Amino acid sequence: MRNALLLALSFLLASCGTEAEDNSEICFVGDSITDLWDVEYHFPGRFIHKHGIGGSKVEDVMEWDLSACQDLPTVLLIGTNNIDYLEHTNDSTSNLLSQNFYTKYKALVKNIKPSKLYAISILPRRILLTEDPRIINVIHDINDSLQKTLKEISTKSTFINAYPAFIDNRDSLIKDFFVDGIHLNADGYEALSAEVRKKL
């Protein structure tokens, strides 16, 4: 009788363990920042699907096979490579490009079909570590609009505004987090991971 109880208990614990592992699956989708992110290290105990390619824009990701992310929580960090096309906010062509950006972003989320979306804001970027007020303003505008765009998507979503973690109180880049003003170093990835862990 005792052996039968132990066997039943072992089976129950094994079943619970399998369920916990299934629930720990998560997807990461994005550009080079995602590609270079050691998510296995920063999110231990999770089964991770990572899709990241350097230089990718929102429209590029639309062409990827992201079926592995369907019905899974998904962390999405994309858009910084679209900024070059959105810089001149007063230009009518750029305004049209901006509208297309949000349309494509919403379409991408629908294409992924995640159980829940964790959308990371565009991170600050300074080409060659040079402060550029124009790019700073564009990123602020994009992040504000992204937060509003997520409310128009039926997918359950959380906006992770990681931007403030990478700037000082003068809106200048914390250079200790970056390799080149765009790509993160080890400390930068720790800071980014900490922001995501707060929301998962």
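I began with the neighbours of S56: leaving aside residues up to four places away in sequence, S56 touches D31, V61, W64, I78 and N81. A reminder to myself: this is a predicted model.

Next I looked up where S56 sits, and found it in the loop between β2 and α4 (58-61). Is S56 buried or exposed? Its relative accessibility is 4%, and buried means under 20%, so S56 counts as buried.

I then picked one of the contacts, I78, and checked the spacing. S56 and I78 are 22 residues apart in sequence, and their C-alpha atoms lie 7.7 Å apart in space.

On to the rings. How many aromatic pairs does a search of the whole structure find? I got eight aromatic pairs. One of them is F28 with F43: the ring centres are 5.2 Å apart and the planes stand at 45 degrees, so I noted the pair as tilted. F28 belongs to strand β1 (residues 26-30), while F43 is in the loop between α3 (39-42) and β2 (48-52), so this pair ties together parts that are 15 residues apart in sequence.

I checked burial for both rings. F28 has 0% relative accessibility and counts as buried; F43 is buried too, with a relative accessible area of 3%.

Another pair I looked up is F101 with Y102, which is edge-to-face, with 5.1 Å centre to centre and 80 degrees between the planes. Both F101 and Y102 are buried.

Last entry: I followed the ring pairs around F28 and F43, and they link F28, W37, F43 and Y189 into a cluster.

Technical notes. Residues numbered from 1 in each chain as written. Predicted model: local features only at pLDDT ≥ 70, side-chain atom pairs only at ≥ 80, totals over all residues. Heavy atoms only, no water. Phe/Tyr/Trp six-rings, centres within 6.5 Å; stacked < 30°, edge-to-face > 60°. Helix = DSSP H or I, 4+ residues; strand = E, 2+ residues; numbered from the N terminus. Buried < 20%, exposed > 50% of the residue type's maximum accessible area, 1.4 Å probe, protein only. Contact = heavy atoms within 4.5 Å.
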